[in-house]
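Here is a friendly look at one protein model. Please keep the sequence and the 3D view at hand.

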Amino acid sequence: MTIICALHVPKKGTWIGADSRVSSRSFVYPMPARKIARIGARALLVCGSGMTMTLVKRHQARLLAKDDPDAVAMALMQMQERAKYRLDKDDASALSYGQVFIYATPKGVWDIDSAGAWLAVEPGKLWARGNGIDFALGYDLAVRQRGGIPERDRIHGALFAATTYDLSCGEPFVIEHLK
């Protein structure tokens, strides 16, 4: 399972982070996986199956070719369609592939849901996806109210909280700065 997160601060750039544990139900694999695809200062964080991570890495040049969240979301949906992913109805009765992503650049962070819809994340607010999302967002809410916490430390703390309380996520962490 996975925890991915990103934080954009205007004039400072964007910090991204992910755990690297690979698990399937109750089995934890003995090797880590990189859940971030990156070309230059554009990154796509993957919260999904091992096959999704493989496809994203295989097609990252096409997926990250444009600095446009809509183009990225459309390319992700086309990639999953070509790979014959099964469409299911989610809780809102929308067609869904079941994989979620965070697209990040030095200019901002966008959440891309399992149906291909995307939303911009408010600058200064950390966003997360994955099994430990509640712990990551809860941690960041608490430290954001205090203020003065460096952005990299906010990402690390969110990942640490998620992996401490959701054992399907785990270290080592990957944290990068897009600027």
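This is a predicted model: local features need pLDDT of at least 70, side-chain atom pairs count only at pLDDT 80 or more; totals for chains, interfaces and linings use all residues.

Residues are numbered from 1 along each chain as its sequence is written, and side-chain values use heavy atoms, with hydrogens and water left out.

Let us begin with the largest pocket, which holds about 300 Å³ of space. A pocket here is an open set of points on a 1 Å grid over the protein atoms alone, where a 1.4 Å probe fits, with protein on both sides within 12 Å along at least five of seven lines; lining residues have an atom within 4 Å of a point. Of the 18 residues in the lining, Met1, Thr2, Cys47, Gly48 and Ser49 lie nearest the centre. Helix H1 and strand E12 each supply at least two lining residues; helices (H or I, at least four residues) and strands (E, at least two) are DSSP runs, numbered from the N terminus.

Next comes the helix pair. H4 and H5 pack at an angle of about 140°, with their axes 7 Å apart. That makes H4 oblique to H5, because angles under 35 degrees count as roughly parallel, over 145 as roughly antiparallel, 65 to 115 as roughly perpendicular and the rest as oblique. Contact between them (heavy atoms within 4.5 Å) involves residues including Phe135 and Tyr139 in H4 and Gly157 and Tyr165 in H5.

| Residue | Backbone feature | Location |
|---|---|---|
| Pro172 | cis peptide bond with Glu171, omega about 5° | loop between H5 and E13 (174–178) |

Terms used: Grid points are joined across faces, edges and corners, and a volume is the space filled by probe spheres set on the points. Axes are lines fitted to C-alpha atoms, for helices over the stretch in contact, and angles run from 0 to 180 degrees between N-to-C directions.
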